[in-house]
Each structure stands twice: as C-alpha cells, then as structure tokens.
Amino acid sequence: MNDTGKGTSRRGGIGWSDRPTAKDVAVLAGVSTQTVSRVANDTGNVLPETRQRVLEAMARLGYSPNAAARVLRAGRSSSLALVAHHISRTGEANIIEAVCSTAREHGYDVQLTIAPSGSAADLNQAMTRSRQGAAGLVVLGLETAAVNQLRFPPNLPVVVADSRTLSLPSVGSDQAGGAKLAVEHLLATGASTVHIVAGPENSVQSTQRVAAWRSVLTAAGCPVPPVLHGDWSPASGYQAAQQLADDQQVRAVFAANDEMAAGVLRALHEAGRRVPEDVRVAGFDDVSAPWLWPPVTSVRQDFSTIGELLISLLLDQLDNRPEPGAVPVTQSVVVPAQLIVRGSTMATATDGHW
C-alpha cells in the first residue's frame with residue numbers, strides 16, 4: 001500500500017519532503033540533527049564511522065550541505081532574532097554564545113536586541129523591534145513573573161529560555177532541583193541550617209531557588225533564616241554576607257549564583273571566618289566557581305545544551321510550520337542540574353567542631 005501525501009514521498013517506510021532536510025538525513029543515518037549539521041558544516045567532533053554514515057545518507061537523499069542555501073531555498077530570512085536582558089551575566093552570556101554558534105551551524109545569523117530592565121514592557125518593546133525580517137525569535141532573560149503581560153509576535157516561531165511550563169516551546173534548567181541538591185549537601189556537612197543570599201525579589205529564577213531552599217530546610221526540621229537578597233553581582237553578595245560574617249552561628253551559606261558567592265567569600269575572609277573550616281559556601285551556575293578560592297561547590301547549569309536545544313526547537317517550528325488555524329505543539333524541556341562538590345564545602349581533618 002502506497003502512503004503518499006502532498007509534497008511528500010516515502011522511501012523504505014520513511015517520509016521525506018520534496019526537498020530533503022537535516023531531519024530526513026538524521027532519520028536515515030540514525031543520528032541527531034545536530035550531528036548532521038556538524039558533518040554538513042565540518043564543525044565539531046564526529047566519529048569517522050558516523051560521519052561516513054551521514055555522508056552516505058546525504059548522497060542518497062540529494063541533500064545539500066550548504067546550510068545558507070537551504071535557508072534561501074526555503075524562501076525565508078537567514079536571520080534569527082534574539083532578545084536578552086543581562087548579557088553581562090555569565091550564565092546568559094554562555095547561552096547567547098551557544099545560541100549563536102548553533103544557529104550559525106544551520107546557516108542563520110543572529111541579531112541581538114536588549115531588553116534593559118527585563119520588565120514585561122521592555123521585553124514587549126524589544127520583541128517588537130527585533131521581529132522585523134527575522135525568521136524566528138529566541139527570548140532569554142525572562143525573569144518576570146508577569147508572563148500574562150508579554151505580547152509575543154503572532155505568526156512568528158518563538159522559543160523561550162525558561163524552566164516554567166509556558167504556552168510556547170521552552171528550554172530551561174532545573175532551578176528548584178539544583179537548589180535542592182545544594183542545600184541538602186550543605187546540611188549533610190553537619191550544618192544545623194543554611195543561610196541564603198538570593199537573587200532579586202522580582203526574579204522568577206531567584207524565587208524558585210528560594211522556594212527549594214525553604215522546602216528542604218522545613219522538611220529537615222531546620223530553622224529557616226531570613227532571606228538576604230542581592231542583584232546577582234559580586235558586590236551585592238559581599239554586602240549581604242557582611243550581615244552574616246560576624247555571626248558565629250552562621251555555618252553554611254547558599255549563594256544563588258557564583259558571582260554573589262565570590263562576594264560572600266570576601267566578606268567571610270575579611271571577618272576572619274575560614275572557608276570551609278568555619279563556614280561552608282555553595283553557589284549556582286558553575287561558571288566562575290572553579291576559579292575562586294577555595295574552589296566553590298556549585299550547581300552546574302548546562303548552558304551549552306540549553307542554547308543548542310533552543311535553536312533545535314525553533315528550527316523544528318520553521319521546518320514544520322502548522323497549517324493556518326492549527327493549534328501549535330508546545331514542548332517544554334527542563335535540563336537537569338548537577339552539583340559539583342569542591343573545596344568550599346569539604347571537611348578537613350582538623351575540622352572537629354562540626
């Protein structure tokens with residue numbers, strides 16, 4: 001029985017469009033579309049046998065390895081729009097780098113627009129400015145809780161960097177799960193409770209980490225100290241930790257990002273508190289944590305994977321545009337976080353007072 005449809009053909013039980021895509025090659029070769037892209041553009045490390053299998057699939061399908069040419073043949077712009085908030089922050093900067101490099105592998109340029117405050121109004125303005133001439137839109141830095149006030153451009157493929165389940169395709173890190181790992185680890189070192197230096201009060205990511213911190217302490221029957229808020233910067237971590245450094249009852253501090261953890265370390269050092277002998281310190285992001293002293297235990301967010309998945313979901317929308325009036329498929333991907341344990345929380349042989 002033949003299974004044919006408008007604009008498609010089936011070969012060996014697999015359906016391909018008239019113009020073969022990277023997804024067609026991936027299915028035939030048994031690899032991911034990212035691997036096809038790396039072979040087509042000669043970027044990244046691919047095993048020789050895998051490369052050969054992909055090349056054979058390309059030849060069989062008549063697939064052109066020129067990514068830019070494929071974009072032009074599809075009759076769409078070769079530019080993607082990227083809206084971001086805090087490009088100076090290490091985590092967001094790493095996602096931007098991954099988004100740009102992955103987009104480039106697929107033949108797209110990326111045009112960056114900044115939303116200065118990260119408010120719904122600024123994000124809406126940035127999305128309006130950036131959409132002109134773009135094939136699709138990536139939105140980063142979505143810290144606002146007022147998602148109902150956001151006005152995403154209609155009829156434009158959009159993907160959002162966020163761990164919440166939204167009405168749009170999204171990719172985010174497991175904020176709550178990562179914070180839970182850090183707090184449980186600090187308690188396991190013998191601390192009676194864990195103090196927190198959180199991010200801004202209006203940040204969704206900060207709120208998620210604070211909620212996980214409070215949940216772990218409550219479940220363990222530990223006192224829940226007051227929340228100290230910073231603005232993600234080292235200076236704000238330093239200022240917050242100055243309120244804790246002289247208190248001999250403070251034995252463990254969870255900083256909601258590595259940059260604030262750096263400020264915490266300085267405040268403790270200036271107060272004569274040793275890390276980890278007197279106070280254990282953990283951070284979040286695992287970008288600068290290995291280079292602090294002592295090296296800081298931190299929750300690793302896989303920013304490269306997040307950036308790659310954002311482009312993958314966006315390209316999937318571009319390659320599989322729904323019929324007018326059809327309900328779009330929403331996919332939310334949460335990338336697991338990992339706790340990397342280092343010297344800032346490790347006990348020493350002389351650390352008998354814990």
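This is a predicted model: local features need pLDDT of at least 70, side-chain atom pairs count only at pLDDT 80 or more; totals for chains, interfaces and linings use all residues.
**The chain overall**
- The chain runs to 354 residues, and 50% of them count as buried.
- On the secondary-structure side, you get eleven helices along with 14 strands.
- Take the contacts between residues at least 6 apart in sequence: 69% of these join residues at least 24 apart.

**Helices H1 and H3**
- Helix H1 covers residues 22–29 and helix H3 covers residues 48–61; the two pack with their axes 9 Å apart, at an angle of about 120 degrees.
- That angle is why H1 counts as oblique to H3: roughly perpendicular stops at 115 degrees, and roughly antiparallel only starts over 145.
- As for handedness, H1 makes a right-handed crossing as it passes H3.
- From H1, the contact draws on Asp-24, Val-25, Leu-28 and Ala-29.
- H3 brings Arg-53, Val-54, Ala-57, Met-58, Arg-60 and Leu-61 to the contact.
- Sorted by class, the residues in this H1–H3 contact come out as seven nonpolar and three charged, with no polar ones.

**Gly-136**
- Look for Gly-136 in strand E5, which spans residues 136–139.
- Gly-136 has a relative accessibility of 0%, so it counts as buried, the cut-off being under 20%.
- Setting aside neighbours within four places in sequence, Gly-136 is in contact with Ser-79, Leu-80 and Ala-81, and also with Leu-156, Pro-157 and Leu-314.
- Ser-78 is worth a glance too: 58 residues separate Ser-78 from Gly-136 in sequence, while their C-alpha atoms are 9.6 Å apart in space.

**Ser-206**
- Back to the residue from the opening question: Ser-206 sits in helix H8, made up of residues 204–219.
- With a relative accessible area of 1%, Ser-206 is buried, again because that value is under 20%.

Definitions and conventions
Residues are numbered from 1 along each chain as its sequence is written. Side-chain values use heavy atoms; hydrogens and water are left out. Axes are lines fitted to C-alpha atoms, for helices over the stretch in contact, and angles run from 0 to 180 degrees between N-to-C directions. Helices (H or I, at least four residues) and strands (E, at least two) are DSSP runs, numbered from the N terminus. Angles under 35 degrees count as roughly parallel, over 145 as roughly antiparallel, 65 to 115 as roughly perpendicular and the rest as oblique. A crossing is left-handed if the near helix is turned anticlockwise from the far one by less than a right angle, and right-handed if clockwise. Contact means heavy atoms within 4.5 Å. Ala, Val, Leu, Ile, Met, Phe, Trp, Tyr, Cys and Pro count as nonpolar, Asp, Glu, Lys and Arg as charged, and the others, Gly among them, as polar. Buried means under 20% relative accessible area, exposed over 50%, partly exposed in between (1.4 Å probe, protein chains only).
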